[in-house]
Structures are given as C-alpha cells and as structure tokens.
Amino acid sequence: MKDFKAKIEEHKKRFEKALSRAKDEKSLQEVRNAFMSRKRGELKLLFEELKTLKPEEKAAFGQMVNDLKIHIQEKIRARGELKVIKKESAVLKASSGKIDLTLPGQKEYWGSPHPISLFQQEIENIFIAMGYFIEDGPEIETDYYNFEALNFPPYHPARDDWDTLYITDDLLLRTHTSPVQIRAMEKRKPPIRIITPGKVYRRETPDPTHLPMFYQVEGLVVDEGITFAHLKGTLEHFLKTLFYEKIKIRFRPSFFPFTEPSAEIDIECTVCGGKNEECRVCGGSGWIEILGSGMVDPQVLKNVNIDPEKYSGFAFGLGIDRTAMSAFQIPDMRFFYENDLRFIRQFTLK
Ligand code: FA5
C-alpha cells in the first residue's frame, strides 16, 4: 500500500517537472502523450497495475490514480487555455482595449506593378519578340542630345513644342526619349534595332490627354536598305498585337526636325468609338494620336558618324500613358497618377 502511494507521488512530481519545462505547443503535446496516451501513457500503466492489487486495496488506490488523472487533465487544459488568453490579451493590448470583434476582417492586398509599368512590359515583350534590344538613357540630358544632335539648332522655333525645365543652361529634363537614339548610335554601329522606354518631361498643363511627366518608348532601326515600308509594317504589326487585329490605324504626314519624311500615327478612339462629339479624349474626331515617327534624317546619321549613303533607318516615339489610356479605355490620363487604390487595384496581376 505504501509503495503504491509513493509511486503515485513520484508520477505526480515527474508530471509537474515535465509540465514546467514544456515551453511551447509541441513539448506540451509531448507531456500530454507521456502521461495520458491511451496506449502506453503513465496513467494507463498505473490503471493496468491496479489490476494486480488485492481486491481490498483496489478501491483506495483506484481513487488515488483517478485523482492523479484529474489533476493531470486539469493542469494540461489550463496551460492550453492560458496560451489562448495570452494571445487575445496581446491583441487587446495592441488595440488599447478597444476591439470590436463584430467588425469584418482586414483583407490583405498583394503589391503589384503600376498599370503603366505592366503596359510598358507588354510593349517591350512585343519588340523583344521582333529581335529588338532594350536601351536606357539619362532623364537629365544635355542640350546637345535632347536638341542639337537631333537637328534643333539653338533658338529654333521647333524647340517651343518641347519646352521643359532647365537645370542649367545646358542641362535639362529630357522632353522625349529621342536623345537615346543619338547615344545608341554613338556607341554601336549598324545594324541597330533598339527600343528605349522611359520618363520624359514637358512644360505642360495637365488635361485628359496631356501630362507634364509621362512615359515614352523610342524605337530605332538602322541598317542597309531600311525603307518607310519597314517602318509601316513594323508599327502596324506592333499595334495590332498590342490592341487587336482590326484596330483602325492611320498614318498622317507630320514634321519632326530629326526625321524625313515624318508621320504621326493615330488609332481609333476606343473611349467613344468616334460617336461622341464632346469626347474629351478625341475631341469628337474619332482618332487619337499615339506616336510620332519617320525615316532618320541623313544629317542625324552624319552627326553620329554613320554614312547615310550606306545606311538608312527609321525611328518612332510612342506615348505609353496615352496608348495605355486607349488600351484600357480610360477617359482621363490623370487617373494613372492620382494613386487612388480603387483604380490602381483593377490592374493587379492575376
Ligand atoms: C516626340 O516626342 C518625338 N520624339 C517622337 C518621334 C520619335 C518622332 C522618333 C520621330 C522619330 P511627340 O511630341 O509628338 O513626338 O510625342 C510623341 C508621343 O508622346 C505623342 O504621340 C503622345 O502619345 C505622347 N505625348 C506627347 N506629349 C504628351 C503629354 N504631354 N502627355 C502625355 N503624352 C504625351
């Protein structure tokens, strides 16, 4: 009788020690298994041992083992509940005691590239598939690269359309991506086939189709035998891939000091389809201008020491924001930069 009582005391002490050492969920589970497992838990073995006792001893010892079982169960349950309470009180503390458990949970949103970046990637992928390389250039440019090398002499009136912010008399925020043409042709010899996406800046009052900071992507191809047919075919293929096969495109004669002949390209207005005379995107014309283009002026080739008798090329500059507006049928380009998350989240990657 004495021996069995001592044994129960010993089990109880071992349990207390094991429980005090259990610092996490896993070790608590191990204690639970060691003492309460229905197969070989210590309580189970004690109950087995009861069977070997004399009938007159069984009742008293049975009661002791039962008490131990209840003690162990309660202690383990208390430890589990304590953990939950601790977690809840941490939440309560963080919300300074004011927590309304009836409020809906907070949805977590994944970050995602800006719609203009996503659209730029789409454009890049189409040109990469046609064998173009991506080239980069500085946003702070010299007067030479932004203007002079592209046939805009100082004080030439054509500069007025590309007015910008000057940092010094010679340094300015580039007004287009065309200076990267010059930098690329200085660095490498034909054949050249590149696109150069990036930010550009202009003195401009924002309206639905104009921004003072926007994105362009420049394209340049220089090789032997390049003609206007290459320019037309390339841009038609690009626009039909970017939009849809039946998109209406028109080439309109235009002027740029660095290309000759030059053309601007319009696409049908995807916002009103030409049906709204008061459309703020196309002004009721049904067309929206998205890019300028032309054959590289022989003088520009000479400026970078490429022989215009041997080589010819074409170039274009597409407004990424303006084109994205048409692709997403957005009536105002300023939406892209208002940072209204309800707008931006419509374009997240699926
Ligand atoms: C140019 O910037 C020329 N560098 C394009 C070029 C490149 C011509 C190579 C020939 C050869 P333009 O100023 O038209 O051209 O601008 C080109 C495109 O940029 C426009 O068609 C339009 O899509 C976009 N764009 C122009 N101004 C703005 C503006 N303020 N806000 C948003 N997009 C604009």
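**Exercise 1.** How many disulfides does the count come to?

*Solution.* This is a predicted model: local features need pLDDT of at least 70, side-chain atom pairs count only at pLDDT 80 or more, and totals for chains, interfaces and linings use all residues. Residues are numbered from 1 along each chain as its sequence is written, and side-chain values use heavy atoms, with hydrogens and water left out.

Start with the rule: a disulfide is a pair of cysteine sulfur atoms within 2.5 Å. Take C269. Its closest cysteine sulfur, in C282, is 3.7 Å away, too far for a bond. Next, C272. Its closest cysteine sulfur is also in C282, at 3.6 Å, again too far for a bond. The count is zero disulfides.

**Exercise 2.** Classify the aromatic pair of F15 and F35.

*Solution.* Rings of Phe, Tyr and Trp (its six-membered ring) pair if their centres lie within 6.5 Å; planes under 30 degrees apart count as stacked, over 60 as edge-to-face and the rest as tilted. The whole structure holds 16 aromatic pairs. For F15 and F35, the centres are 5.3 Å apart and the planes stand at 80°, so the pair is edge-to-face. The pair links distant parts of the chain: F15 lies in helix α1 (residues 2-21) and F35 in helix α2 (residues 25-36), 20 residues apart. Helices here are DSSP runs (H or I, at least four residues), numbered from the N terminus.

**Exercise 3.** Find the charged end that sits over the ring of Y145.

*Solution.* Apply the test: NZ of Lys or CZ of Arg within 6 Å of the ring centre and within 35 degrees of the ring normal. R183 is the residue, 3.9 Å from the centre.

Notes: Helices (H or I, at least four residues) and strands (E, at least two) are DSSP runs, numbered from the N terminus.
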